[in-house]
Amino acid sequence: MDTGRHRLSLLSCAVAAFMILGGRPMAGEELKSPRFESSVQPLLRQKCFACHDARAKQAGLSMETRDDLLKGGKSGAVVIPGKANDSLLLTLVTSGKMPMGGQKLADSEIETIRKWIEGGALRDAEDSAAATTSMAKMVTEREVHGILSAKCWVCHGRTEQKAGLDLRTRAAMLKGGKSGPAVAPGKPAESLLLKRVAAQEMPPPKLQEQYSVRGLTDSELAKVTQWIAAGAPADDERPLEFTAATDPLVKDKDRAFWAFSAPQRPAVPEVQAKTRVRNPIDAFVLQKLEAKGASLAGETDRRTLMRRAYLDLIGLPPTPEEAHAYLADSDPKAYEHLIDKLLASPRYGERWARFWLDAVGYSDSEGGSSADEPRPHAWRFRDFVIRSLNENKPFDRFLTEQLAGDELFDYKAVKEYTPEQVDLLAATGFWRTAPDSTYSTEQNFIPERMDVIAGQVEILGSAVMGLSVGCARCHDHKYDPIPQRDYYRLTAVLTPAYDPFTWRAPSLNCGGVGAHCDDNNTRYLPLLVPAERDRVQSHNAPIKAKIADLNRQLELKAEPLKQKMEAERLLTVPAEIREDVRKAWQTPKGERTEVQKFLLQKYEDALTIKLTDIAKADEGFRKEKDDVDKQIAEQKELLLPDPKIRALFDLGPDPPPQRILMRGDPTTPGGLVAPGALSVLSAKIAPYAVPQLPYESKTSGRRLALARWLVEPNHPLTARVMVNRMWQHHFGTGLVSTPGNFGKMGAAPANQAVLDWLATEFVRQGWDIKAMHRLIMTSAVYRQSSQSDAAAQEKDPDGTLLSRYPLRRLDSDAIRDSILKVAGRLDLTPFGPPDATKQMPDGEVVGTGRKNAGQRRSIFMAGRRTSAITLLDTFDTPFMNPNCVRRAQSTVSSQALELMNSDLVRQASRYMAGRVIDAAPDNARAQLERMYWLGLARAPSSEELGAAESALPAIEREWVKQLQVENPEEPVQARAHWLAVATLCHTLLNSAEFLYVD
């Protein structure tokens, strides 16, 4: 007898019996359990058919037949035979959630349903054997694919087909590989696939940890067995095809909502206060104000407007020299010229890139787990954003490059990248910003992979479309007309690159049991720029040589101890074979005979002496090893990583089919969907259409199609969402105050006419971002004072109508950067890898920086999810999970304490004082005036100057007392004066005027 076949047959029968009979009454008891037609169907007809007969079929669920219940609806099967507690039907009726709005089931009726499920969910005149046959026929090819995709496709799928075997389709299984067909329809005992699984040869146990897969469970094996036993029936299934106009799940009334219709350019209204109208923005805002009997506040003074513009556009205050030059400029267009100057500054891109990076969830670490693995190459995306904004790249091109930069040229055919091509590939880092823990084999299973994809879809929805698309992952969106199917159509756009069954780790520093990461299985592209590669190699070569030399020295010191330990361990080998084992051990591996290999199977591990073993046994060597290890670690810190591009790119042809996942669960696949966009937005714009790209890279073109759909000139949301974000950062709150949700549960626009006019103007001006800045910042609305009278406060209490400029606090980046700027400690070195951070003894996290150059702007500091710079964290820097479309603005005591006690702020105050004293060495009054110009871009009032002049000597005297105790090397009086001025500088850096935009 073929023992393997016999064993498989027994296993198949046992598993099938477990699936059908597990938890059920047996034999005579089975006859006593309720049956569907006689006991359960009447209850359901009375209480549930109004919503769940074959016609209504709400949530895709019919309850008319037993098989309908087993098939289930959009949430999957609602009845699991033999497992009442796991059956969704029983859960819903027991909790009272069903029937919705109808008469609840009585306890006795619920008990009937429970007993029916526990008894096997049988039909009238049906026994377990008949149920086995019936239910076996219900297992579909779709379900089998759902099982094999998670367990087997990594070795027998898209990118690898070991032993020539492809398990992705029924036809491929019937064809088989080098060992013959994998499936014999109707003959499970003869099917090679089942034999390998039953023998626990597939998936190979040694590879399960490395590939983050598990063997088939009993229930999964039973399903595959039943499918083969039923003849391995093929699914005749195609993705549902429809146009936006004929989509049955989205109605015309759904599209009538303001955000789902293309913006129509409104006529500029006539207003009473014509003299206040500088551009159409003012007319729209005044129209709303005048309807309330209000108007704009008066125009603010030149100095306030200047400081406002500096902080808005470059996130840094003006220098005293810049302030004096502007205030002395009598040109009527001086302010407009200032705007142009700031927009042309390289600091502009650094400031406004921060807002985009927030929106798309940029971080310099992976997140997803406490390890929070660094992302050493993510900075290229950050630099792409900064350069694009400084170049004033049109927003439609800017967005297209991020979604599909790799599909804009045939990158695999290029031997050496130009800087522009590097940027195109780095731009796709947009798709690599969500938390991603899959660098660890323990957190790299299908659900974690799906979470990464879900995070990217959520970022796309909130940052680009202003919609909570992620809410449709598990079910149709409860508020917006976004069917679950549309969510998975968007996901299908990504599956050629984010293939959950052929996954690539996000980091070369992958970890976990069996982890193995290299250039072939991670999401990096080599940087084909010889000059940069050569620079890194020449930098690393001497460091690597030093590390190799240190290791060599350690090995030499260990050799005599190693030989001694080997000799001692050889004594544990039986005397009769000891000499043979010794010779085998000393023979090089490649030269060992089969007999020697056999001998060493038992003793090789024992004879292998590691340096850690020697260190445990010898205290002297341990100390030497610790010292060398420390030196090696220090050298490794100096190494530059091999230059790579952190990108998203298609993995080749034949992406996996995308199915709706019931309840978002990858183990319950639903119907097939094709890649596409949201139907509710697509009715009156060019349809999502995938281009054919004849590239060597075999890219699918799906992401390029999405980008083109999003930047259609009359797209309902893309332009609106971007101009709303710009308005938000200029005024503190967007015209839509929920920038990530323009849907029905989001806030209505405070002034839709302004929003739609700006959106259409944005497109008319060629998606010119800087033109929008000029338009907003030269309006009378922007130039007004933040002060208002009681009447205005009454008619516009919360400032929604913009009857005054909204006073607002600087965000965390601008606070830190401004402190460093006025201290003369801001290192303006742009681009490249981020500077590291460190934790001080008191727990404060600060940037490292270069000693003489200071610290770089916050955007160039390493922004890890789990350890932000303390000053930034205290002032509401966001935690990217997955992104932030609007930063919080809290006012808490810890902020004042941080400014008062932070080493960074205290040190900055002293550097600032040094600058003040150097500007006027022998004139205390001039020093105090310089302090105000440096920190607040204005002269002190007479009262402020008088108070400072009175306080300065008293503070000096206190410092003299302190220094006499410390006995410093420097002259006490000079040092006391410097520290006294630093105390006043510290006070100014803590002031509301420094921290707020007026």
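**Figure 1. An aromatic cluster in the predicted model.** Trp356, Tyr362, Phe381, Phe384, Phe395, Phe398, Phe762 and Trp767 form one aromatic cluster. The model shown here and in the other views is predicted. Two members of the cluster, Phe395 and Phe398, are taken up again in the next view.

**Figure 2. Two aromatic pairs.** A pair of aromatic rings is described by the distance of the centres and the angle of the planes. The whole structure holds 25 aromatic pairs. One of them joins phenylalanine 395 and phenylalanine 398, with 6.1 Å from centre to centre and 50° between the planes, and is classed as tilted. Both residues belong to helix H21 (residues 395–404), where they are 3 residues apart, about one turn of the helix. Phenylalanine 395 and phenylalanine 398 are both buried. Phenylalanine 430 and tryptophan 431 are buried.

**Figure 3. Arginine charges over aromatic rings.** The charged end of arginine 308 is placed over the ring of tyrosine 805, at 3.5 Å from the ring centre. In another such arrangement, the charged end of arginine 387 sits over the ring of phenylalanine 831, and the distance to the ring centre is 5.2 Å.

**Figure 4. Helix H41 and what covers it.** Helix H41 runs over residues 942–966 and has 25 residues. Which residues of H41 are buried? They are Leu945, Ala948, Leu952, Ile955, Glu956, Val960 and Leu963. The cover over the buried residues of H41 includes helix H40 (924–936) and helix H42 (972–989). Just after H41 comes asparagine 967, which takes a positive phi of about 55°.

**Figure 5. Threonine 587 in a loop between two helices.** Threonine 587 lies in the loop that links helix H26 (575–586) and helix H27 (594–607). Is threonine 587 buried or exposed? Its relative accessibility is 17%, and buried means under 20%, so threonine 587 counts as buried. When its neighbours within four places in sequence are left aside, threonine 587 is in contact with Arg592 and Gln596.

Conventions:
Residues are numbered from 1 along each chain as its sequence is written. This is a predicted model: local features need pLDDT of at least 70, side-chain atom pairs count only at pLDDT 80 or more; totals for chains, interfaces and linings use all residues. Side-chain values use heavy atoms; hydrogens and water are left out. Helices (H or I, at least four residues) and strands (E, at least two) are DSSP runs, numbered from the N terminus. Buried means under 20% relative accessible area, exposed over 50%, partly exposed in between (1.4 Å probe, protein chains only). Contact means heavy atoms within 4.5 Å. Rings of Phe, Tyr and Trp (its six-membered ring) pair if their centres lie within 6.5 Å; planes under 30 degrees apart count as stacked, over 60 as edge-to-face and the rest as tilted. A charge sits over a ring if NZ of Lys or CZ of Arg is within 6 Å of the ring centre and within 35 degrees of the ring normal. The expected span of a helix is 1.5 Å times one less than its number of residues.
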